[in-house]
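Please give a short tour of this model, saying what to select at each stop and what is found there.

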Amino acid sequence: MEKRINLLPAEGSWYKANLHCHTTVSDGRLTPEEVKKAYKEQGYQVVAFTDHKKYVQHLELSDSEFVALAGVEVDMNEIRPGKERIRTRMYHLNFYDTNPEEMPERKAQYCAADYWNHDSAYVNSYIKKMAKLGFIACYNHPYWSMHTVDEYLPLEGLFAMEIYNHGCELDGLYGYTPQAYEEMLRAGKKIFCLAADDNHNGYPFGHPLCDSFGGFTMICAEELTYGSIVRSLQEGSFYSSMGPEIRALYIENGNLIIKTSPVRKIYVNMRGKNCYKEVSREGDTLTEAKFALTGSEGYIRVTVKDSHARFANTNAYFLDTLPGFCG
Ligand SMILES: [Zn+2]
Ligand SMILES: [Zn+2]
């Protein structure tokens, strides 16, 4: 009998994370302390502080129930003389610090990229430079950035990209970008996908345009410590969501098993056009699906959609490099 291959870990604890957040350190309205308080009240255990072009650690906010990840959002913009900046294309990348103890002052200095250099070769060299300092890079909100595939396919050295950005969704329905993720995967990029708020909190909590608590990443880690959370991010031990939960994901006896909170649809996308699916009747829900894998899927990634039209997405799993999988 084939051993069970857990795509999402079956052991460890799950932590709710917002991996994209702005505070009064840049253009957000809440202080880092207010962000921590609000997110803790909503059941989050992890927030990555990613203020624009300012790398400021908030390690003092970490305690036994909360981890404050140190990060920064860097932007590199197209030069369009005479045009509004908002109409130009821009690379926004989140950098998460894997080792905040090391060289914090040097990191703060290096976080200022060339603001007017919208060139993928330059962006790649910048990602490399940041990697040397211990940062992992995530490519943010491609649709809001007015990007086409030409702009994001050349990117190298990313560990992840955003598949959902809640602030961008509220801004112009620019938030959900599964196609961009698919295009990266089809081009052979083995990267993960995140969902995050990108909250600036220009509207109060409870307001329909409040940009908090709409996109989150569920991280499975050994313990709630900085090192353990970062390791899980690097290993891809997480999935992203706007609401639904993915409670189990594994392969057993050649079958892919998916267990979820109540949802309307469970879909499995892969390299080709074939797609496995289970859909409930109107007014009904599903919490489980089982699909026989042929071994020729290339990669698989699961999307579920609930009755409020909220999605959850897993990372892509490449079957040819999956330990223990023999198709
Ligand atoms: Zn951004
Ligand atoms: Zn942002």
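**The whole chain**

Start with everything shown as a cartoon, and keep in mind that this is a predicted model. The protein chain has seven helices and 18 strands. Its radius of gyration is 19 Å, close to the 20 Å that the globule rule gives for 327 residues, so the chain is as compact as a globular protein of that length. Along the principal axes, the C-alpha atoms fill a box of roughly 55 × 40 × 40 Å. Colour by burial, and 44% of the 327 residues come out as buried. Contacts can be sorted by sequence separation: of those between residues at least 6 apart, 63% join residues at least 24 apart.

**The two domains**

Select 11-242 and colour it as domain 1, then select 244-327 as domain 2; these bounds come from the domain assignment. The C-alpha centres of the two domains lie 26 Å apart. Where they meet, 14 residues of domain 1 are in contact with 15 residues of domain 2.

Which elements give two or more residues to the domain 1 side of this contact? They are α6 (178-186), β8 and β10 (238-241). By type, the residues on the domain 1 side divide into eight nonpolar, three polar and three charged.

**Helix α1**

Next, select residues 32-41, which form helix α1. Show side chains for Pro 32, Val 35, Lys 36 and Tyr 39, the buried residues of this helix. Turn the view to look down the axis of α1: the buried residues fall within an arc of 100°, so they line one face of the helix. Gly 43 follows α1 and has a positive phi, near 90°.

**Helix α3**

Move to residues 120-132, helix α3. Its 13 residues should span 18 Å at 1.5 Å a residue, and the end C-alpha atoms are 18 Å apart, which agrees. The buried residues here are Val 123, Tyr 126, Ile 127 and Met 130. Around the axis they cover an arc of only 105°, which puts them on the same side of α3. Their cover includes β4, β5 (90-97) and β6 (135-139).

Past the helix, select Gly 134, which follows α3 and has a positive phi, near 100°.

**Two loop residues with positive phi**

The last stops are residues other than glycine. Lys 53 sits in the loop between β3 (46-49) and β4 (67-77). Its phi is near 55°, a positive value. Is Lys 53 buried or partly exposed? With 13 other C-beta atoms within 10 Å, Lys 53 is partly exposed.

Finish at Phe 213, in the loop between β8 (192-196) and β9 (216-221). The phi of Phe 213 is also positive, near 70°. Phe 213 counts as buried because it has 20 C-beta neighbours inside 10 Å.

Methods: Residues numbered from 1 in each chain as written. Chains lettered and ligands numbered in written order. Predicted model: local features only at pLDDT ≥ 70, side-chain atom pairs only at ≥ 80, totals over all residues. Helix = DSSP H or I, 4+ residues; strand = E, 2+ residues; numbered from the N terminus. Buried ≥ 20, exposed ≤ 12 C-beta atoms within 10 Å, placed from the backbone. Arc of directions from axis to C-beta. Rg over C-alpha atoms; globule rule 2.2 N^0.38 Å. Contact = placed C-beta atoms within 7 Å. Domains from an automatic or database assignment. Nonpolar A, V, L, I, M, F, W, Y, C, P; charged D, E, K, R; others polar. Expected span 1.5 Å × (residues − 1).
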